[in-house]
Amino acid sequence: MMRAGLISPMAIVLATAVSGCETVPRADAAAPDYEGVETRLLDGDLVNFHVAMRGAENGEDVSDYAECAAAQYALIRGYGFARHLRTNIEQEGGVWHGDAIYTISAQLPRGMRTIDAEVVVAHCAENGIPTV
């Protein structure tokens with residue numbers, strides 16, 4: 001999405017939407033089933049997100065779900081930004097699990113993988129990805 005130095009599929013979708021083009025979901029793709037987010041405050045501004053979903057096309061869908069949760073969490077806590085530190089993804093029995101860690105901050109943090117929480121939350125809502 002809005003990570004500096006990285007272009008994710010969600011960023012491409014956002015750029016396409018902004019340019020006036022419309023994205024069309026694949027006809028053969030089943031709607032993902034977002035099974036929930038577990039949030040743990042680790043230390044001050046360091047937050048761990050565990051997400052689970054079915055129907056993901058790949059790990060990027062799981063990462064996007066975790067990013068949406070992180071962005072909403074940042075806003076709930078009164079912050080405007082987050083920085084992605086890591087995401088571990090695994091699939092077991094048709095369920096995708098993501099374990100992501102983000103820092104949240106009031107100002108744009110240093111680093112390559114930062115997100116603007118308001119922009120990301122709006123994009124998640126437009127694409128039907130739930131947040132915290």
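The model is predicted: local features need pLDDT of at least 70, side-chain atom pairs count only at pLDDT 80 or more, and totals for chains, interfaces and linings use all residues. Residues are numbered from 1 along each chain as its sequence is written, and side-chain values use heavy atoms, with hydrogens and water left out.

**Overall fold**
- The protein chain has three helices and five strands (DSSP runs numbered from the N terminus: H or I of at least four residues for helices, E of at least two for strands).
- From the N terminus on, their order is α-β-β-α-β-β-β-α.
- Of the 132 residues, 37% count as buried, meaning under 20% relative accessible area with a 1.4 Å probe, protein chains only.

**Helices H2 and H3**
- H2 (residues 59-76) and H3 (residues 117-126) pack at about 130°, with axes 8 Å apart. Axes are lines fitted to C-alpha atoms over the stretch in contact, and angles run from 0 to 180 degrees between N-to-C directions.
- Residues of H2, including Glu67 and Ala71, meet residues of H3, among them Val120 and Cys124. Contact means heavy atoms within 4.5 Å.

**Nonpolar core**
- The largest nonpolar core has 25 residues. Such a core is a set of buried Ala, Val, Leu, Ile, Met, Phe, Trp, Tyr and Cys residues joined through side-chain atoms within 4.5 Å.
- Strand S2 (46-54), H2, strand S4 (95-105) and H3 each supply at least two residues of this core.
- H2 gives the largest share, nine residues.
- Phe49, Ala71 and Tyr102 are among the residues with the most contacts inside the core.

Conventions
Buried < 20%, exposed > 50% of the residue type's maximum accessible area, 1.4 Å probe, protein only.
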